[in-house]
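Please read the points below with the sequence and the model at hand.

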Amino acid sequence: MKLLLIEDEPGLRESIISYFIEEGNICEAAASYSTAMEKIHMYRYDCILLDLNLPDGEGMNVLKELKKTNKTDGVLIISARHDLDDKLQGLNLGADDYLVKPFHLSELKARVTAIVRRKHFDGNNWIIFNEIKIDTSSMKTSVGEQALNLTRKEYDLLIYFIANRGKVVTKNAIAEHLWGDDIDLADHFDFIYTHIKNLRKKLMEAGSADYIRSMYGVGYKFEGGEAKV
């Protein structure tokens, strides 16, 4: 998952970032309203973790901006504000869930995972694309009865392709999704080609058809069937 944490409290911010990164996710951070607005305009995220009390702005306005620009990123509000009016306002503005501080990181992860499943796969743990089967709860992938040994990047790439099946995804979009802010340090996309090549090879060796289409000069498209959940 690619996440954006909007939180100004340093200790909480660092603990959440460390927790999600250790789980193999991309987790970017914004400590202020202004930085948050820059990031949501530049990138797409599977889920945004949004604190409402920011030093230079109101978190609710982030929701308003997402709605105004037709962004479809998932949003989980994390706030010490527990009044019903705040919860209702956040949900009515488009937030997917509301979690009151303090909370356990395990519950935070469960809420985020549930939002991403609802957004992309109707809340189900199983994704089936023709002969490809993915159990998102255990991160196990198979082609028919043949289990696949995918790296984390290959797994994330496959999920990203299926979630965007039938759409042309640019190399830049793939890089941003899989590497987040770190992509700014790269000056070419050869590593994307390598990951796609390895993923395609593993799928086909296990008996899968080749669903990855190269769109010359643009990016890639995953097509050839319908995903079931």
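1. The model is predicted. The domain assignment of the protein gives two parts, domain 1 (2-121) and domain 2 (126-222). Their C-alpha centres are 26 Å apart.

2. Contact between the two involves 13 residues of domain 1 and 16 residues of domain 2. The size of an interface is often given as the accessible area lost when the parts come together. For domain 1 and domain 2 this buried area is about 1100 Å², and carbon and sulfur atoms account for 46% of it.

3. Between domain 1 and domain 2 the count of salt bridges is 0. Across the same interface, 1 residue pair is in polar contact, with both residues at pLDDT 80 or more.

4. On the side of domain 1 that touches domain 2, strand E2 (26-30), helix H2 (33-42) and helix H5 (105-121) each provide at least two residues. H5 gives the most, with 3 residues. By class, this side of domain 1 comprises 4 nonpolar, 3 polar and 6 charged residues.

5. Ser 142 belongs to strand E10 (residues 140-143). Its relative accessible area is 15%, and Ser 142 therefore counts as buried, the cut-off being under 20%.

6. A polar atom of the Ser 142 side chain lies 3.5 Å from the backbone oxygen of Gly 144. Leaving aside residues up to four places away in sequence, Ser 142 touches Glu 131, Ile 132, Lys 133, Ala 147 and Leu 148.

Methods
Residues numbered from 1 in each chain as written. Predicted model: local features only at pLDDT ≥ 70, side-chain atom pairs only at ≥ 80, totals over all residues. Heavy atoms only, no water. Domains from an automatic or database assignment. Contact = heavy atoms within 4.5 Å. Buried area = accessible area lost by both parts, 1.4 Å probe. Salt bridge = Lys/Arg side-chain N within 4 Å of Asp/Glu carboxyl O. Polar contact = N/O pair within 3.5 Å; in protein donor to acceptor, adjacent residues only side chain to side chain. Helix = DSSP H or I, 4+ residues; strand = E, 2+ residues; numbered from the N terminus. Nonpolar A, V, L, I, M, F, W, Y, C, P; charged D, E, K, R; others polar. Buried < 20%, exposed > 50% of the residue type's maximum accessible area, 1.4 Å probe, protein only.
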